[in-house]
Amino acid sequence: MRAASLPVATDLFADRLLAVLSGQRPVHWMLRHTAGRAYDELAWLTERGTLRTRGARPVVRDIGYYEPRPGAVEAFARIGAGDQLRAMAFRLEQGRDRRWRCTAVELGGPRMPRTKDDLP
């Protein structure tokens, strides 16, 4: 994928992830847009209501990304809700079908515990 189209993919996924993490969409809405452990991480974060707020609706304020190799993007987004600011990081990988899928998602705070299946 050309570098010019990467901001489109990062913007789209930041909005999708925010919709799920803030409770605007159900977690299964991201099922076909995730791969590997990302869906489990997203479900774990969603259960904890990490971006649900009272009052101001969370919005993506800024997005940045780094391309460690062709077909992989590591992105961050600043999420604002009123005067509160949070950070979200996610990784996108392009599959053989040329579609981008989220392969990891993190917010500041506790991370989902690792299992034996996660070890190399």
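Helices here are DSSP runs of H or I with at least four residues, and strands are E runs of at least two.

**Figure 1. Overall fold of the predicted model.** The protein has two helices and four strands. Starting at the N terminus, the order is α-α-β-β-β-β. The chain holds 120 residues, and 39% of them are buried. Of the contacts between residues at least 6 apart in sequence, 48% link residues at least 24 apart. The accessible surface is about 7400 Å². Carbon and sulfur atoms account for 51% of that surface.

**Figure 2. The largest nonpolar core.** This core contains 24 residues. Leu17, Met88, Phe90, Leu92, Cys102 and Val105 have the most contacts inside it. At least two core residues come from each of α1 (6–21), α2 (38–47), β2 (72–81), β3 (84–94) and β4 (100–107). Helix α1 gives the largest share, seven residues. In soluble globular proteins, nonpolar side chains tend to be buried together.

**Figure 3. Surroundings of Leu92.** Leu92 is one of the core residues with the most contacts inside the core. Neighbours within four places in sequence are left aside here. Beyond them, Leu92 touches Ala9, Thr10 and Phe13, among others.

**Figure 4. Arg16 and the ring of Phe13.** The charged end of Arg16 sits over the Phe13 ring. It lies 5.2 Å from the ring centre. Across the whole structure, the search for aromatic pairs finds zero.

Conventions
Residues numbered from 1 in each chain as written. Predicted model: local features only at pLDDT ≥ 70, side-chain atom pairs only at ≥ 80, totals over all residues. Heavy atoms only, no water. Buried < 20%, exposed > 50% of the residue type's maximum accessible area, 1.4 Å probe, protein only. Contact = heavy atoms within 4.5 Å. Areas by Shrake-Rupley, 256 points an atom, 1.4 Å probe, with all protein chains shown as cover. Phe/Tyr/Trp six-rings, centres within 6.5 Å; stacked < 30°, edge-to-face > 60°. Lys NZ or Arg CZ within 6 Å of the ring centre and 35° of its normal. Core = buried A, V, L, I, M, F, W, Y, C linked by side-chain atoms within 4.5 Å.
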